[in-house]
Amino acid sequence: MPGGIRVEYQEELERLEASALGGLDLVSSAVSRTLEAIEHQDVELAQIVVADDDRIDGRYLEVHQALITLLATQSPVATDLRLISALLHVLKNVERMGDQCVNICKMIPLTGNEPPADQEMVKLILAMGGQSKTLISQAKRAFEGRDIELAQDLVRQDDVVDNLNRECFRLALEIGDDADKREWAMTMLLGARAIERIADNAVDIGEQVAFVVTGLFREFEDASHPVR
Amino acid sequence: MGAAGATRAETDVGDAEMKPPTTSTQSTSKPAADVDGRPAKTIEARGVDLFYGDFHAVEDVTMTVEPNKVTALIGSSGCGKTTFLRSLNRMHELTASARVEGEITLDGQDIYGSKVDPVQVRRLIGMVFQSPNPFPTMSIYDNVAAGLNLNAGRVKKSEKDAIVERSLRGAHLWNEVKDRLDKPGSSLSGGQQQRLCIARAIAVEPEVLLMDEPCSALDPVATLAIEDLIGELKNKFTIAIVTHNMQQASRASDITAFFNLEETGKPGRLVEVGPTEKIFTSPSQQATEDYVSGRFG
């Protein structure tokens, strides 16, 4: 009897999980393009990222609707219910990460056509973006493998992003009195901030992994009650 | 005491007379008081084994049916949940060759004690069955009063009228039948008939209500009406309900007990019992998970 019951439902749930987690691949390529656009001040590429966000939003809407239908028609409970709840969160995180890429890309025309005021700061932001991509793929692997340890390790990976972000802030403070330079630095800081949020969203996905496995939800890190 | 007495260990408390609630004074633990100030009672099963002749139907069940809560017994067909439910008011022993080992107590009193009258046990622990079974030719009024006539001897007409009304109100049926109390019970719809049976069961003021798939013969609307009623009745009674409907267990119960059968021919066992919310969101046993998720029949 095992495996013979509710096969279609199980297959649909597996398909939806793959589809929701596939949204992370879409986000990862959006982040790559965003970084490229920053590095080369490529306004056209930035516009493509903005337009392509519709694909991420579409994925969100499609999988979200299908999960709601499963809830309504299949009465999932126990692990299935936790999985569906977690996937709804993951979808939201995917959608937010896509929007952060859009936020960054909309700012790229504002940075002007002059060479970057501070090459060091650009390097830091590219490093933040690369590290965020590491978090995104690690969050995906942790979810697929229901791997709590890998999920919790996201906190450590996120610390790298946070430190780079602080470094950006320091460089922005030291950029000097030139008004154009300061405006550039401000814009770049907002971009750094958006990347930092993308990494936080990846950590949130890790928390959902722990929820699916244990049935208990807790934040890995609580910004309002930091351990340090 | 019937067939059960030969094999089960006698205990001291078992020899005490079962007392109706009005004269009971020896309750040791302080039970939860209901809205009327009437305490509901706790059923405890300890190491209960149930047999039909040589067939070992249920093995080693230890669990508590808590007062003022709805306890749902779930599990696939043949897992022993109904047999276990029937053992809680000695209905089980009405089947020839059935016997019970272990101990079942109602607020500490052994219901299988040698001096305990099984009829008295069944008055204190009422049962509502799968398909509505009102006495078909009896009027609605007499259906509700049937238990009173059997149990209490002579009851004054005015008193009986009051009990019938109270019971029908308690079963959410009064408004629908108050103008046709003399019509036969069989003139009611399925859902009404089941509520009539519940009214009949609560007319004798039991401590505990056992329900064996009370909604399986009812449509969804009548089912929800019964579930609402169950939710209200738990304020007065201790309730245990056997159901095959997983959503019903998750909607209507506070505690869920999952029974399972390892394979055909083996006895059913209690796999897991816990708060319904936990059983349906993160059960601790894989067998429970598979059953509530519908991965097993």
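Which strands of chain B does helix α6 of chain B lie across? Helix α6 (residues 190-203) of chain B lies across β6 and β7 (208-212) of chain B, and runs at about 170° to β6(B). The model described here is predicted. Chain A has six helices and zero strands, whereas chain B contains an open sheet of ten strands. Twelve residues of chain B are in contact with twelve residues of chain A.

**Chain A**

- Read along the sequence, the elements of chain A follow the pattern α-α-α-α-α-α.
- The C-alpha trace of chain A spans about 75 × 40 × 25 Å along its principal axes.
- Of the 228 residues in chain A, 38% are buried.
- When contacts in chain A between residues at least 6 apart in sequence are considered, 82% of them join residues at least 24 apart.
- Helix α4 (residues 119-145) of chain A comprises 27 residues. From its first C-alpha to its last, α4(A) reaches 39 Å, close to the 39 Å expected at 1.5 Å a residue.
- A:Arg146 follows α4(A) and has a positive phi, near 50°.

**The sheet of chain B**

- The ten strands of the open sheet stand in the order β5-β4-β1-β2-β10-β9-β3-β8-β7-β6 (chain B), and their pairing is mixed.
- β5 (109-110) and β6 (125-128) of chain B stand at the edges; each has a single partner strand, so one side of each is left without a neighbour in the sheet.

- β5(B) pairs with strand β4 (residues 98-106) of chain B in the antiparallel sense, over two bridges.
- Opposite B:Asp110 in β5(B) stands B:Thr105.

- β6(B) and β7(B) run parallel and are joined by four bridges.
- B:Ile125 has B:Val208 in β7(B) as its bridge partner.
- From β6(B), B:Ile125 and B:Met127 point one way, while B:Gly126 and B:Val128 point the other way. All of these residues are buried.
- Helix α6(B) lies across this pair of strands, β6(B) and β7(B).

**Where the chains meet**

- The contact between the chains involves twelve residues of chain B and twelve residues of chain A.
- On the side of chain B that touches chain A, α9 (276-281) and α10 (286-292) of chain B each supply at least two residues.
- By class, this side of chain B has four nonpolar, six polar and two charged residues.

Technical notes. Residues numbered from 1 in each chain as written. Chains lettered and ligands numbered in written order. Predicted model: local features only at pLDDT ≥ 70, side-chain atom pairs only at ≥ 80, totals over all residues. Contact = placed C-beta atoms within 7 Å. Nonpolar A, V, L, I, M, F, W, Y, C, P; charged D, E, K, R; others polar. Pairing = 2+ DSSP bridges. Axes fitted to C-alpha atoms, helices over the stretch in contact; angles between N-to-C directions. Expected span 1.5 Å × (residues − 1). Buried ≥ 20, exposed ≤ 12 C-beta atoms within 10 Å, placed from the backbone.
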